[in-house]
Amino acid sequence: MPRAVSTSKELGALRQDLLDAAMRVLREQGAPYLTLRRVADAAATSTMGIYTCFGSRAGLLEAIYEHGFHLLHEAMTSSLNGHTDPRARIMAVAYGYRRFALTDPALYALMFERPLPDFDPSPEQRHEALRHCFGLLTEATAAAAQAGLIRSSNPQRSAYLIWTTIHGLVSIELTCSLRTPLPGWFLNSREEGERILTEGVQSLLAGLT
């Protein structure tokens, strides 16, 4: 039955309930099951509530996308843990990025892959989402260049190279972790995955010195 909404506070509560329900559907069933009916049922309301709060299914997916980047930002920020050395900050961002991906693979896929071919966030939303998180890495890279720890005439460009290394290693590990273990393959544990990430990022930083 539709939930009666008469105040902005009630509307905000309904929006949060629907977003929470959508996250449960995504995590428990996968992106292809993010239909209006399934999300509404999970929130114990009607599909009209989704139209009221998000305008459309695309609006709901955009809200999930944006929420995912807020969670990623929190994961990377919490990993910084007071580090002041720029290289330590770069590694902390890498570890937070990896932890987020391995903890929330379905959300990570929605943010960076195309599990739903009909969902394509706008360039403005993608730019803002990436700026929100990529900025942490850019700041640390710029600090490393200023301290003479790496050579970089364009810290943003160097940060992009670091991010592609982090993203590539994490995405490959995630793909491996979601499949049947491959006998004899060295990437056979979470500990080994973190070690490979450390070696990969540190090797790139060494190349920038």
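Mentor: Keep in mind that this is a predicted model. Just after α4, asparagine 81 takes a positive phi, with a value of about 50 degrees.

Trainee: What does a side-chain oxygen of serine 56 reach at the start of α4?

Mentor: Serine 56 sits at the start of α4, and the contact is made by an oxygen of its side chain. That oxygen comes to within 3.4 Å of a backbone atom, namely the nitrogen of alanine 58.

Trainee: Which element gives the most to the lining of the largest cavity?

Mentor: A search of the whole structure finds 1 cavity of 30 Å³ or more, and about 100 Å³ of space lies in it. The elements giving two or more residues to its lining are α4, α5 (86-103), α7 and α8. Among these, the one that gives the most, with 4 residues, is α7.

Trainee: How many nonpolar, polar and charged residues line that cavity?

Mentor: The lining includes Phe69, Leu72, Met76 and Trp163. By class, the lining has no polar and no charged residues, and the nonpolar count is 12.

Trainee: Which element has the largest share of the lining of the largest pocket?

Mentor: About 320 Å³ of space lies in this pocket, and of the 16 residues that line it, those closest to its centre are Tyr65, Met111, Phe112, Glu113 and Arg126. Two or more lining residues come from each of α4 (57-80), α6 (105-112), α7 (123-146) and α8 (155-177). By class the lining has 11 nonpolar, 1 polar and 4 charged residues. The largest share, 3 residues, comes from α6.

Trainee: Is threonine 198 buried or exposed?

Mentor: Threonine 198 lies in helix α9 (residues 190-207), and beyond its neighbours within four places in sequence it is in contact with Met91 and Tyr95. Its relative accessible area is 16%, and the cut-off is under 20%, so threonine 198 is buried.

How values were computed. Residues numbered from 1 in each chain as written. Predicted model: local features only at pLDDT ≥ 70, side-chain atom pairs only at ≥ 80, totals over all residues. Heavy atoms only, no water. 1 Å grid on protein atoms, 1.4 Å probe; cavity = no way out; pocket = protein on both sides within 12 Å on 5 of 7 lines; lining within 4 Å. Points joined across faces, edges and corners; volume = space filled by probe spheres on them. Nonpolar A, V, L, I, M, F, W, Y, C, P; charged D, E, K, R; others polar. Polar contact = N/O pair within 3.5 Å; in protein donor to acceptor, adjacent residues only side chain to side chain. Buried < 20%, exposed > 50% of the residue type's maximum accessible area, 1.4 Å probe, protein only. Contact = heavy atoms within 4.5 Å.
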